[in-house]
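This briefing is meant to be read with the sequence and the coordinates side by side. Please look at the helices, their contacts and the charged side chains as the points below take them up.

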Amino acid sequence: MLKQRVVTAVIAGLVVLFVLLFGGLTGWRCLVWIATLAGVLEFCQMFGQRWFDPAAWFGAIAITLADWFPKQAFHPFVLFLAVAVVFALPVITRRPNDLRTYAVTAFGALYLAAGGASLIGLRALPEGWFWIWLFLVAAWMSDTAAYFVGRLVQGPKLLPAISPKKTVSGALGGVAGAVVGAVVFGEIADPRYSVWVFAAVGLLVALTGQVGDLVESAYKRAAGVKDSGRMLPGHGGVLDRIDSLLFAAPFALWFISGVLNGWM
């Protein structure tokens, strides 16, 4: 299982590295779009929707608009229209009992759309190549350190009702790993910034990423499934791999483009 997990992670990492090195912003946008599109289909399937059901099509359209036309997608009228469509679908299909399922899947689609758009927004920033790599290094180091520290140290569970395997030691290890990883990468790649900037980004990514991981655990429990899918051997589905990235990306984009820009 561990070998399979490592092999999958290495292959995924090489794909991301290739796209970031040679794909430019368009290549990164395409990669995020494909990943979030797969993620929203997994989310719909977890709650009983097939790929050709209206909820799945709604999710695919929401993801596509957010990833390729973010300014238009998040316009207040477009968001209102999305909510109106969700409420109207059970009326059109004459299946009012589907409203709860449609609402859940639509909300999930908007959540994934915001995360994907933020991942693209990080790459689109001035010096975006550096910032997206700093973000990814912090997220991956947090995930890796949490996994190995949790298995080695174990100890009290973090939130057993939501995620039985996660421990307090793993969470703390994840924070330490993200901060160290961000500082080391930042000092090597662009030492013009203060070490505290890198540490702050690492801390923010670790904390929000771990919340995102728990959020996914919560909605998997609500759906009664162990994994979001089976697309990635050793990791489950696409959502199982990118859940923390999608939750952390909007916070990182806000912090880097807004807060740090004000400081510097």
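Arg29, if neighbours within four places in sequence are left aside, is in contact (heavy atoms within 4.5 Å) with Asp67, Trp68, Pro70 and Ile120. This is a predicted model, in which local features need pLDDT of at least 70 and side-chain atom pairs count only at pLDDT 80 or more, while totals for chains, interfaces and linings use all residues. Residues are numbered from 1 along each chain as its sequence is written, and side-chain values use heavy atoms, with hydrogens and water left out.

- Arg29 belongs to helix α2, residues 24-46, where helices (H or I, at least four residues) and strands (E, at least two) are DSSP runs numbered from the N terminus.
- Arg29 is buried and yet has no salt bridge, the nearest side chain of opposite charge being that of Asp67, 6.9 Å away.
- Buried stands for under 20% relative accessible area, exposed for over 50% and partly exposed for values in between, with a 1.4 Å probe and protein chains only.
- A salt bridge requires a side-chain nitrogen of Lys or Arg within 4 Å of a carboxyl oxygen of Asp or Glu, and for charge Lys and Arg count as positive and Asp and Glu as negative, with His and the chain ends not counted.

**Gly39 and Leu112**

- Gly39, which also lies in helix α2, is buried with a relative accessible area of 0%.
- The contacts of Leu112, leaving aside neighbours within four places in sequence, are Thr36, Gly39, Val40, Phe43, Ile63, Leu239 and Leu246.
- Between Leu112 and Ile63, 49 residues apart along the chain, the C-alpha separation is 7.3 Å.

- Helix α5 (residues 76-92) has 17 residues and reaches 24 Å from its first C-alpha to its last, close to the 24 Å expected at 1.5 Å a residue, the expected span being 1.5 Å times one less than the number of residues.
- Ala82, Val86, Leu89 and Pro90 are the buried residues of α5, and they pack against α3 (54-68) and α6 (99-124).
- The axes of α6 and helix α7 (residues 128-153) come within 6 Å and cross at roughly 135°; axes here are lines fitted to C-alpha atoms, for helices over the stretch in contact, and angles run from 0 to 180 degrees between N-to-C directions.
- α6 and α7 are therefore oblique to each other, given that angles under 35 degrees count as roughly parallel, over 145 as roughly antiparallel, 65 to 115 as roughly perpendicular and the rest as oblique.
- In this pairing Leu119, Leu122 and Arg123 of α6 meet Gly128, Trp129, Trp131, Ile132 and Phe135 of α7.

**Salt bridges**

- The structure holds 6 salt bridges, one of which joins the side chains of Arg192 and Glu127 at 2.3 Å, N to O.
- Arg192 lies in the loop between α8 (168-189) and α9 (195-223) and Glu127 in the loop between α6 and α7, so this pair ties together parts that are 65 residues apart in sequence.
- Arg192 is exposed at a relative accessible area of 61%, whereas Glu127 is partly exposed at 35%, and a network of salt bridges links Glu127, Asp190 and Arg192.
- Glu216 forms a salt bridge with Lys220, with the closest N and O atoms 3.9 Å apart; both residues lie in helix α9, 4 residues apart, about one turn of the helix, and both are buried.
- Asp240 also forms a salt bridge with Lys220, the closest N and O atoms being 2.9 Å apart, and this pair links distant parts of the chain, with Asp240 in helix α10 (residues 238-263) and Lys220 in helix α9, 20 residues apart.

**Backbone with positive phi**

- Most residues other than glycine have a negative phi.
- Glu127, although not a glycine, has a positive phi of about 60°.
- Gln154 is not a glycine either and has a positive phi of about 60°; its place is in the loop between α7 and β1 (157-159).
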